[in-house]
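This report covers a single protein chain. Please look at the sequence and the coordinates before reading on.

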Amino acid sequence: LNPPKDELEVGSGIEKKSTKAVSDEESKAKPMKAVSDEETKAKSMKAYGIILFSLSKELLRLFVDISPGNAYDLWRSLIDKYERDTVASKADTLHALYECKMEKNETFDIYVSRIKLLVSRLKDMGEQYSDAQLIYTLFRGLPLEYDPTIQALRVQNGITFADACSHIRDCQETIIRREKETATANYSDG
């Protein structure tokens with residue numbers, strides 16, 4: 001048995017709507033879509049403004065040919081200019097990664113985030129970077145205070161980048177605590 005053509009079963013068949021009711025709902029939805037297009041345009045203008053506001057005056061001149069309000073084209077132009085995947089870009093990113101060092105007053109997590117950002121850029125360029133390479137880069141850029149921990153981690157089989165980071169965070173907490181104790185001892189002696 002087929003249901004009459006003027007009824008449409010929804011879900012388990014308990015609910016029924018006439019095709020007239022469905023078409024009425026569709027006609028109500030169309031004005032909402034127009035509002036949605038207006039909202040999309042407003043959001044695009046806002047994004048366009050935010051991007052423009054973040055650019056320097058010199059950079060603004062590079063993108064004068066982008067139609068006003070077109071955030072997508074502006075963003076694509078920025079990506080095309082600054083996120084190229086040429087051999088030179090890959091080499092520069094690899095060089096920055098291998099030269100990445102933890103700064104004197106930098107937290108370990110900030111240092112790791114810089115490494116991850118560079119690796120992410122390489123992956124966006126189609127380059128693969130192994131966990132072993134990540135660990136090598138991580139260890140190479142750490143200050144001498146981390147050397148005992150690095151040596152202990154190097155002899156562990158199957159250590160992952162995440163495991164190494166966890167152990168080094170623990171080491172950083174110990175280093176910070178010792179520095180505070182030393183500073184407190186020097187202050188009370190002086």
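In which helix do F108 and Y111 both lie, and how many residues apart are they? The two residues belong to helix α5 (residues 108-124) and are three residues apart, about one turn of the helix. The model that shows this is a predicted one.

**Aromatic pairs**

A pair of aromatic rings is described by the distance of the centres and the angle of the planes. The ring centres of F108 and Y111 are 6.4 Å apart and their planes meet at 55°, so this pair is tilted. An angle over 60 degrees would be needed for edge-to-face, and one under 30 degrees for stacked. F108 is buried, and Y111 is buried as well.

The aromatic pairs in the model come to three. One of them is formed by Y98 and Y136, with 6.4 Å from centre to centre and 70° between the planes, which is an edge-to-face arrangement. This pair links distant parts of the chain: Y98 is in helix α4 (residues 87-98), Y136 is in helix α6 (residues 131-140), and 38 residues separate them. Y98 has a relative accessible area of 31% and is partly exposed. Y136 is also partly exposed, at 46%. Both values fall between the 20% limit for buried and the 50% limit for exposed. Through ring pairs, Y98 and Y136 are joined with Y129 into a cluster.

**Overall build**

The protein contains eight helices and two strands. Of its 190 residues, 24% count as buried. The protein exposes about 14,100 Å², and carbon and sulfur atoms supply 55% of that area. Among contacts between residues at least 6 apart in sequence, 50% join residues at least 24 apart.

**Residues paired across the sequence**

The table gives the separation along the chain and the C-alpha to C-alpha distance for each pair.

| Pair | Apart in sequence | C-alpha to C-alpha |
|---|---|---|
| M45 and G69 | 24 residues | 4.6 Å |
| L117 and L97 | 20 residues | 9.3 Å |
| K90 and E127 | 37 residues | 8.2 Å |
| R140 and C100 | 40 residues | 8.2 Å |

M45 is found in helix α1 (residues 19-54). With a relative accessible area of 47%, M45 is partly exposed. L117 has its place in helix α5 and counts as partly exposed at 45% relative accessibility.

K90 is part of helix α4. Not counting residues up to four places away in sequence, K90 touches D85, L122, M125 and E127.

Helix α6 holds R140, which at 35% relative accessibility counts as partly exposed. Which residues is R140 in contact with, leaving aside its neighbours within four places in sequence? They are Y98, E99 and K101. Y98 is also a member of the ring cluster with Y129 and Y136.

Rolling a probe the size of a water molecule over the atoms shows where empty space is left. The largest pocket has a volume of about 300 Å³. It is lined by 13 residues, and M102, K104, N105, E106 and E179 are the closest to its centre. By class, this lining has five nonpolar, three polar and five charged residues.

The second largest pocket holds about 210 Å³ of space. Which residues line the second largest pocket? The lining is made up of K81, Y82, E83, R84, S89, T93, R121, D124 and M125. Helices α3 (71-82), α4 and α5 each supply at least two residues of this lining. Its residues divide into two nonpolar, two polar and five charged.

Key. Residues are numbered from 1 along each chain as its sequence is written. This is a predicted model: local features need pLDDT of at least 70, side-chain atom pairs count only at pLDDT 80 or more; totals for chains, interfaces and linings use all residues. Side-chain values use heavy atoms; hydrogens and water are left out. Rings of Phe, Tyr and Trp (its six-membered ring) pair if their centres lie within 6.5 Å; planes under 30 degrees apart count as stacked, over 60 as edge-to-face and the rest as tilted. Helices (H or I, at least four residues) and strands (E, at least two) are DSSP runs, numbered from the N terminus. Buried means under 20% relative accessible area, exposed over 50%, partly exposed in between (1.4 Å probe, protein chains only). On a 1 Å grid over the protein atoms alone, a cavity is a set of points where a 1.4 Å probe fits but cannot get out, and a pocket is an open set with protein on both sides within 12 Å along at least five of seven lines; lining residues have an atom within 4 Å of a point. Grid points are joined across faces, edges and corners, and a volume is the space filled by probe spheres set on the points. Ala, Val, Leu, Ile, Met, Phe, Trp, Tyr, Cys and Pro count as nonpolar, Asp, Glu, Lys and Arg as charged, and the others, Gly among them, as polar. Contact means heavy atoms within 4.5 Å. Accessible areas come from the Shrake-Rupley method with a 1.4 Å probe; for residues, only the protein chains shown count as cover.
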